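Please keep the sequence and the model in view while reading.

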Amino acid sequence: MDQKARAERFRNQIQNNNEQQEEQYERELKRAREERIKRRIERMRRERQRMLRRRLFVGGVGIAVIVLLIFVGKKVFFSNPNDSNLGGHTSGDQTETTAPVETTEEHVKKNIPIPTWVDQQLLEINEFSRPGIPLKAVNNVVIHWVANAGTSAQNNRSYFSNLADPAANPDGVKASSHFVVGLEGEIIQCVPIDEKSYCTNWRNDDTISIEVCHPDWDGKFNDITYQSVIKLTAWLLEQFDLTSDDIIRHFDVTGKDCPKYYVVHEDAWEQLKQDVKVYMEANPNIQ
Ligand SMILES: [Zn+2]
């Protein structure tokens, strides 16, 4: 090989080397760029996940706070009895937040004939005192006082009736009872016994309520009123196959002083239940 050819080969070799190095460099560059992009994507993905988790957490806390506020608001708003008006102790007794109602359908009998000694003055169906909702069951008979000394059964029935009038009931108070027993022993029925009344908070769905008038603020029922309460309660228990153990006070549901005298005097309450029991035994078919 002559010198010229050798020089030529040498030049070619150098050129080849240069090209190879350049390619190598390009490849490295490309790889580095891809690597960087991959890392950036990974970082963005992680950031997004973090943000999502934070949003979920904040959202969850927000919802929990809102639910809590609604719950507390409702409790404060509805559990404020307004004692200034007739039958006032029942104001707000529509609160039914928790309803542990044991449904025993066989207890709700329809078309039970009402005795002649009951003065039926059923309220018109309305949102505030006679919602027209069927009872789920009748598991107890609940005794209340009207919490307004000297008022008659008719006065208290009118109070319930007037709640339907928005002008007379701007606060939207809900209250009623199935029966009101008056100072002369009269018994007025306001709500049918297969429908719900607004008297006993979360037990409105499975109880029959009796409000009782009283001459004084100690809440003791007078004799003639007491006798009517015994008779009416005994009749109701018999209709729904219940016993004198199933008579309860509003107090036994909410801890409220109702019926006041029979909360303060536990012995008088036990006596009342005993009197109902004796009455039922002596009168097996109350008409
Ligand atoms: Zn009550």
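S228 is buried, with 23 other C-beta atoms within 10 Å; a residue is called buried if 20 or more other C-beta atoms lie within 10 Å of its own, exposed if 12 or fewer, and partly exposed in between, with C-beta atoms placed from the backbone. This is a predicted model, in which local features need pLDDT of at least 70 and side-chain atom pairs count only at pLDDT 80 or more, while totals for chains, interfaces and linings use all residues. Residues are numbered from 1 along each chain as its sequence is written.

S228 belongs to helix α3. Helices (H or I, at least four residues) and strands (E, at least two) are DSSP runs, numbered from the N terminus. Not counting residues up to four places away in sequence, S228 touches V181, G185 and I187, where contact requires C-beta atoms, placed from the backbone, within 7 Å. Between S228 and V212 there are 16 residues of sequence separation and a C-alpha to C-alpha distance of 9.7 Å.

What surrounds V212, leaving aside its neighbours within four places in sequence? The residues in contact with V212 are I143, H144, W145, V146, V181, F221, T225, V229 and P259.

The protein chain as a whole has six helices and six strands, arranged along the sequence as α-β-β-α-β-β-β-α-β-α-α-α. It has 287 residues, and 31% of them count as buried. Among contacts with a separation of 6 or more, 74% join residues 24 or more positions apart.

The strands form an open sheet of six, in the order β1-β4-β3-β5-β2-β6 and with mixed pairing. Two strands pair if DSSP finds at least two bridges between them. β1 (119–120) and β6 (247–249) stand at the edges with a single partner strand each, so one side of each has no neighbour in the sheet. Strand β2 (residues 140–145) pairs with β6 in the parallel sense over three bridges. V142 has I248 of β6 as its bridge partner. Helix α3 (residues 223–239) packs on the sheet and touches β2, β3 (179–181), β4 (187–189), β5 (207–212) and β6, and its direction makes about 170 degrees with that of β5; axes are lines fitted to C-alpha atoms, for helices over the stretch in contact, and angles run from 0 to 180 degrees between N-to-C directions.

β2 also pairs with β5, in the parallel sense and over six bridges. H144 stands opposite E211 in β5, and V141 stands opposite I247 in β6. In a regular strand the side chains alternate between the two faces of the sheet. In β2, N140, V142 and H144 point one way and V141, I143 and W145 the other way, and all are buried.

Helix α2 (residues 153–162) has A153, N156, R157, Y159 and F160 as its buried residues. They cover an arc of only 155 degrees around the axis, which puts them on the same side of α2; the arc is that of the directions from the helix axis to the C-beta atoms. The buried residues of α2 pack against β3, β4 and β5.

The largest nonpolar core has 44 residues, of which V181, I210, V212 and L232 touch the most other members. Such a core is a set of buried Ala, Val, Leu, Ile, Met, Phe, Trp, Tyr and Cys residues joined through C-beta atoms within 7 Å. At least two residues of this core come from each of β2, α2, β3, β4, β5, α3 and α6 (266–282). The most comes from α3, with seven residues.

How do α3 and α6 meet, and at roughly what angle do their axes cross? The axes come within 9 Å and cross at roughly 65 degrees. The crossing is right-handed, a term used when the near helix is turned clockwise from the far one by less than a right angle, left-handed being anticlockwise. I230, K231, T233, A234, L237 and E238 of α3 make the contact with D275, V276, Y279 and M280 of α6.

A234 lies in helix α3 and counts as buried, with 23 C-beta neighbours inside 10 Å. Not counting residues up to four places away in sequence, A234 touches V276, Y279, M280, N283 and I286. A234 and E281 are 47 residues apart along the chain, and their C-alpha atoms are separated by 9.5 Å.

Notes:
Contact = placed C-beta atoms within 7 Å.
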